[in-house]
Amino acid sequence: TDFVRVYGSDIFSTDNCVLFCNACARAVNHENKYFISMHVQTAKHKLVAEKQKVGNTQTCLLTTFTAGSNRKSEFSCDLCKALIDAAIPLWKLENKSLRCFLGKYTKEPIPSESLQKNYVDSNLNIV
């Protein structure tokens, strides 16, 4: 269990009897720290662990990008609905002071008045 803590649960796991290398998908002799150090330094382990790390990073970036883009779309849709409900023309979003204010306090990118093309149909219904 100490080795799991030292190297991380993404590299090793244990059932308190067997130390398992998640990267290499094999049991590792844990009776001596030397064997674990040698295993971690093998070319195979380094290659597989690096691929796993890159794969996890790419997945994380993709998830972040997807979540971010969905949130921005939701923000744009909600902003469009609020402006229409308040009878504020969408072209008002081009006002520099308003854009700065909204950007500063919402931490969201402020869409342009072309918002209407993406979120409003010809009957001024939100799509």
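His 45 touches Ile 11, Cys 21, Ala 23, Cys 24, His 39 and Val 40, leaving aside residues up to four places away in sequence; touching, or contact, here means heavy atoms within 4.5 Å. This is a predicted model, where local features need pLDDT of at least 70, side-chain atom pairs count only at pLDDT 80 or more, and totals for chains, interfaces and linings use all residues. Residues are numbered from 1 along each chain as its sequence is written, and side-chain values use heavy atoms, with hydrogens and water left out.

His 45 sits in helix α3. With 3% relative accessibility, His 45 counts as buried (buried is under 20% relative accessible area, exposed over 50%, and partly exposed in between, with a 1.4 Å probe and protein chains only).

Zooming out, the chain holds five helices and three strands, taken as DSSP runs numbered from the N terminus (helices are H or I with at least four residues, strands E with at least two). Along the sequence they follow the pattern α-β-β-β-α-α-α-α. Of the 127 residues, 24% count as buried. Among contacts with a separation of 6 or more, 38% are between residues 24 or more positions apart. The chain exposes about 9200 Å², with carbon and sulfur atoms supplying 57% of that; these areas come from the Shrake-Rupley method with a 1.4 Å probe, and for residues only the protein chains shown count as cover.

Next comes the sheet. The three strands make an open, antiparallel sheet in the order β1-β2-β3, where two strands pair if DSSP finds at least two bridges between them. β1 (12-14) and β3 (26-28) are at the edges with a single partner strand each, so one side of each has no neighbour in the sheet. From one strand to the next the twist averages 40°; axes are lines fitted to C-alpha atoms (for helices, over the stretch in contact), and angles run from 0 to 180 degrees between N-to-C directions. Strand β2 (residues 19-21) is joined to β3 by three bridges, and Cys 21, one of the residues touched by His 45, stands opposite Arg 26 in β3. Helix α2 (residues 33-40) packs on the sheet, touching β1, β2 and β3, and its direction makes about 140° with that of β3.

Finally, the count of salt bridges comes to one, by the rule of a side-chain nitrogen of Lys or Arg within 4 Å of a carboxyl oxygen of Asp or Glu. Asp 85 pairs with Lys 81, their closest N and O atoms being 2.9 Å apart. Both lie in helix α3 (residues 43-85), four residues apart, or about one turn of the helix. Asp 85 is exposed at 56% relative accessible area, while Lys 81 is partly exposed at 41%.
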